[in-house]
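I opened the notebook to look up how the chains are built and how they meet. The entries below keep to that order.

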Amino acid sequence: MMSLASLPTQFSCWWMVFRIALEERLAYRGDFALGTLMRFLPIITQIFLWSAVFESVNGRLAGYTLPDMIAYYLLSMLARAFSSMPGLASTVAKQIRDGEIKKFIIQPIDMIGFLLLGRVAHKIAYYTIATLPFALVFFLCRGYFSSGWPSADVLLAFLLSLVMAFLLGFFVDLCIGLIGFWFLEVSSLLFVYMLLNFFLSGHMFPLDLLGSWQFVVNFLPFKYLAYFPAAIFLGKIESSQLWIELGLEAVWLLGLICLARFLYARGLRRYSGYGG
Amino acid sequence: MADNNQIGQTKIGPNYLRVFLTFARNSLVRDMMFRTNFLIESVSSLAWSSMNVGLYLIIFQYATSIGDATGWGKYEFFVFMGTTWIINAIVQAFFMPNIEEFSDLIRTGGLDFAMLKPIDTQFLISLRKVSWSSLANLLLGSVLIGFSISQLATRQGTPWSLPPSVFLLFPMYVLCGVAILYSLMICLAATSVWLGRNQTLYDFWFYITNFSRYPMEIYARGWGIPLFVAFTFLIPVLVVVNVPARLLAQPLAPKANWEWPLALFTLFATVLSVLASRWVFRKALLSYRSASS
């Protein structure tokens with residue numbers, strides 16, 4: 001599609017897209033940093049709740065000690081900061097519905113690339129501001145990380161899983177938004193997805209608590225969005241399994257990228273430009 | 001509305017009950033116009049709640065109670081959860097949609113129209129809309145409580161019995177809880193007169209009420225004690241669910257010596273919160289400068 005444009009032009013175009021998105025995001029810094037800090041308030045309740053729950057448990061609950069459990073919630077929050085894509089699916093569906101998507105058809109810009117770059121910029125803006133609150137909270141809670149820093153290769157796997165969590169989160173949400181080509185209104189579908197995501201990603205509780213049911217969630221991609229990075233950091237995944245699991249995640253990711261491309265191509269074919 | 005008053009009645013003013021019923025009916029008519037949407041909203045709030053039950057079903061597979069010797073076993077805690085849902089459902093159905101709109105009214109200057117009406121402004125902006133679908137959780141909460149109580153009543157060992165006074169006290173304390181939450185909400189919303197926009201404050205409301213969703217004993221330890229004191233006596237969100245839930249679930253078989261004083265304090269706190277919110281609201285109205293035209 002862009003074969004005619006020279007590589008430098010193409011690059012400067014994408015660079016511009018990225019910068020606009022970045023600046024758009026940095027407009028409300030103060031509100032944003034405060035909001036991030038506040039998002040940790042529920043952690044306080046979680047600490048007290050789990051402390052109380054562990055009183056009637058013999059030290060370990062599904063392999064987790066109390067500090068492990070708190071550390072898990074903190075880490076899964078970090079993972080969610082990478083994988084959550086607020087508003088992506090609904091925006092895509094809305095653009096399809098009111099015909100705004102036409103701009104991607106007539107302009108020499110690939111929609112999926114445009115959206116991805118916009119999200120990367122948003123996330124980078126988010127981390128530059130959110131790093132401070134995150135660092136503060138993790139510092140205050142350092143006592144819960146009882147086994148200290150993991151080894152270098154585990155740390156590398158952890159970082160890799162975070163990056164893939166971001167991409168996976170992006171493409172899952174995008175696919176749901178692209179279903180808008182067929183249904184126009186995806187809000188109820190999105191709701192079902194959010195519900196499943198909350199429960200099955202490990203955002204709500206460590207998936208190990210599911211016991212013998214855990215094999216079900218192991219077959220689904222949701223666990224990579226919150227549970228998997230946290231579990232890597234806490235050493236819950238054996239080193240022999242670690243790289244196999246990461247490989248599986250990459251396969252899921254590849255599959256979702258193909259699906260998104262397929263849905264987009266198919267969707268454009270049946271798209272008829274509603275709205276003005 | 002004045003002509004609905006009986007002849008001979010000296011006070012001319014709206015009949016608040018009738019006005020409220022009209023609001024409620026209009027909202028219901030509106031909701032019934034979009035029936036599928038209504039259904040989806042009801043089902044979605046039910047789904048979130050059921051997921052919460054799922055989490056605690058999992059937790060209680062490993063643990064016997066929330067906290068040592070607090071008495072919050074599985075079914076006692078489910079009574080607690082049911083109470084939380086009932087209170088939140090009432091708040092969400094009657095107040096939440098209105099008060100969310102309140103800061104918009106301030107920002108856009110739409111509050112002018114509310115103040116011009118010959119009716120109490122706080123009443124008007126608090127109860128204009130009723131979100132009927134939010135009441136789905138009230139039903140679910142009642143079912144959960146009913147089921148849990150039937151389990152408690154037939155449990156082995158220590159018998160559980162319901163004193164008849166609870167039938168009066170439980171609804172009364174649920175309403176107290178609703179009143180406390182409403183007061184808090186009105187106070188937070190009224191601050192948008194001074195702050196303009198306050199999205200973060202709404203998050204704040206969510207996070208504060210988050211504390212009320214668990215038995216208060218869990219905070220009464222170590223560095224939780226300041227929180228416990230602040231959220232019981234300063235901003236009394238901890239008594240909102242705890243007091244009615246304790247009356248019904250009776251986690252401690254002979255009541256602890258602090259339970260009745262706490263219940264008494266809740267009445268006091270309710271009256272105080274409502275008065276405080278009324279005061280804040282009036283102050284806010286006095287500082288309000290129209291924003292439109």
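I am working with a predicted model, in which local features need pLDDT of at least 70 and side-chain atom pairs count only at pLDDT 80 or more, while totals for chains, interfaces and linings use all residues. Residues are numbered from 1 along each chain as its sequence is written, and chains are lettered from A and ligands numbered from 1 in the order in which they are written.

I looked up the secondary structure of chain A and found 13 helices and 0 strands, taking helices (H or I, at least four residues) and strands (E, at least two) as DSSP runs numbered from the N terminus. The radius of gyration of chain A, over C-alpha atoms, is 20 Å, close to the 19 Å of the globule rule (2.2 Å times the number of residues to the power 0.38) for 276 residues, so chain A is as compact as a globular protein of that length. Along the principal axes, the C-alpha atoms of chain A fill a box of roughly 65 × 40 × 35 Å.

I then turned to the contact, where chain B contributes 25 residues and chain A contributes 25 residues, two residues being in contact if their C-beta atoms, placed from the backbone, lie within 7 Å. On the side of chain B that touches chain A, the elements giving two or more residues are α2 (35-62) and α10 (199-211) of chain B, and α2(B) gives the most, with 9 residues.
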